[in-house]
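Hi,

Here is the structure I promised to pass along. Have a look at it first, and my notes on what turned up follow below.

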Amino acid sequence: MDFSGILVGVETTLTPSNLLFVLIGVLVGMVIGVIPGLGPTATIALLLPLTYGLDPATAVIMLAGIYYGSMYGGTITSVLLHLPGEAASVVTTFDGYQMAKQGRAGPALGIAAIGSFIGGLASVAGLVLVAPLMAGFALRFGPPEFTVLALLGIVLAAYLASRRFAAALAMAACGLVLATVGQDSIEGSPRFTFGSLKLLNGLDFVAVAMGLFGLGELLHTLDRSRRGTGEVIPVGHVMPSRDELRQCRGPIARGSVIGFVLGLLPGGGGMVASLSSYAVEKRRSRTPERFGKGAIEGVAGPETANNAGSQSSFIPLLTLGLPPNPVLALILGALLIQGITPGPRLIEDHPDIFWGVIASMLVGNVILLALNLPLVRVFIRILDIRVAILVALAVVVTMLGVFSINNSIFDLWVVLAFGLVGYGMRKVGFEPGPLVLAFVLGALLEPAARQSLLLSGGDLTVFVTRPISGSMLALAALVAIVSVVAARRRRALLADLPVDESEPSAVEDKEEAR
């Protein structure tokens, strides 16, 4: 264990400015998690311009706080309104809302906060132990290994994160094509510029991300807000009883492990981890019929796994430069904008960023616990603000932020175009996440692939004959086979998930989980 690195991280996190941005990050994450439909992806996309004026470590610390802070914020509306604030909170509606209807909304929110805190701490401990080992292993990687790793990351993320693998793969292919727009970095010839000088430098990542996830998500949220949010159930006392805490020890422990492991996989993290934890707890329970009717284990396990998975997903990003999900792809973009490329050498070249992010998670989890238990009623009041007002303000901030980066009117048109594309994709059921993931990784994939072919004299077998890249391809084939079997079992499980037919949004929540 690298104690000197840990000390660097603690020193970086405990500076007044970084502590302030940890607090800002988790507060913003909590707020946007409470607002149904907005989510961390859109918020981080909207805040990307702000990172230009920040130190890289400070920027990543704030964005990370928004990510794992939003994981708990979404729990509040899941429990009180049967309306998940973000996708990973869908599973919490199954038992959390039933507890609220029984007058146990407070304990449901309390155990979610405690489980998220413990899951976060367990994930931070895993980060400290696993991340340096993975970074050391990745130092053996050459261009062929990074090519295979990036390609598999795109394919696996498309498979695990979407209901329709073929459609997600098509979106990833579009992202790779968009990444080639501009001047060829090796030959210098223009590609897909159509004679436009403004496209010679390629499409700006911030403009594309803020269009697809920022403006597109805002338009979709405004469209969905017509249904209203319904009546908020009173909270009551927040702390669970001793019996409830004793009942949740096993689910919290198992949720921490499940979340940490699944967070390492492309496309894993919150949604997959929480659903897997729910399935495990229901299968282990001696009284599985209680699940879907207010079983507190159905809240504790998934919420713990959700937070643990969201934080362990930083391991492949920081050590391999591979973002497992769209949110981490945006954070990768924020680092690339500042000239910092995550990967095996990040721990040596920028220890303040590597260890600072890990140490900030520990502080952030403490802040979240301190905020959630006493201030949950304050966060509920956010639901009184009209969604249309928030969306209008966010659109203005989006356009001003994009323009301030390059002072370019062309970038505003890019945002508007991709905003409409993103809105249209959501309306027809296409996932924008694989597109942005591929767009970001395309800038890393193409140079690595071309370097590999130059080194091998154009021999494609270089990706198979090298031990590490060949092993990764074999592992990917195994994962694909296992994933097909798991997907069938998951569909069978979802068919048996409890649905309260008296609630208008129940069937929609189940479909979103599917």
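A salt bridge here is a side-chain nitrogen of Lys or Arg within 4 Å of a carboxyl oxygen of Asp or Glu. Before the details, note that this is a predicted model: local features need pLDDT of at least 70, side-chain atom pairs count only at pLDDT 80 or more, and totals for chains, interfaces and linings use all residues. Residues are numbered from 1 along each chain as its sequence is written, and side-chain values use heavy atoms, with hydrogens and water left out.

The structure holds 11 salt bridges. In one of them, Glu297 pairs with Arg290, with 2.5 Å between the closest N and O atoms. Glu297 counts as buried because its relative accessibility is 9%, while Arg290, at 28%, is partly exposed. (Buried means under 20% relative accessible area, exposed over 50%, and partly exposed in between, using a 1.4 Å probe and protein chains only.)

Another salt bridge joins Arg466 to Glu145 at 2.9 Å, N to O. Arg466 sits in the loop between helix H21 (462-465) and helix H22 (467-495) and Glu145 in helix H7, so this pair ties together parts 321 residues apart in sequence. (Helices are DSSP runs of H or I with at least four residues, strands are runs of E with at least two, and both are numbered from the N terminus.) Glu145 is buried at 2% relative accessible area, whereas Arg466 is partly exposed at 32%. There is also a salt-bridge network that links Asp184, Arg191, Glu446 and Arg450.

Helix H7 (residues 143-160) also carries Thr147, which is buried at 6% relative accessibility. A polar atom of the Thr147 side chain lies 3.1 Å from the backbone nitrogen of Ala449. Beyond neighbours within four places in sequence, Thr147 has contacts (heavy atoms within 4.5 Å) with Leu445, Ala448, Ala449, Ser452 and Phe463.

How many residues of H13 are buried? The count is 16 of 16, so this helix is mostly covered.

Among contacts with a separation of 6 or more, 78% are between residues 24 or more positions apart.

Happy to talk any of this through.

Best wishes

Definitions and conventions: Polar contact = N/O pair within 3.5 Å; in protein donor to acceptor, adjacent residues only side chain to side chain.
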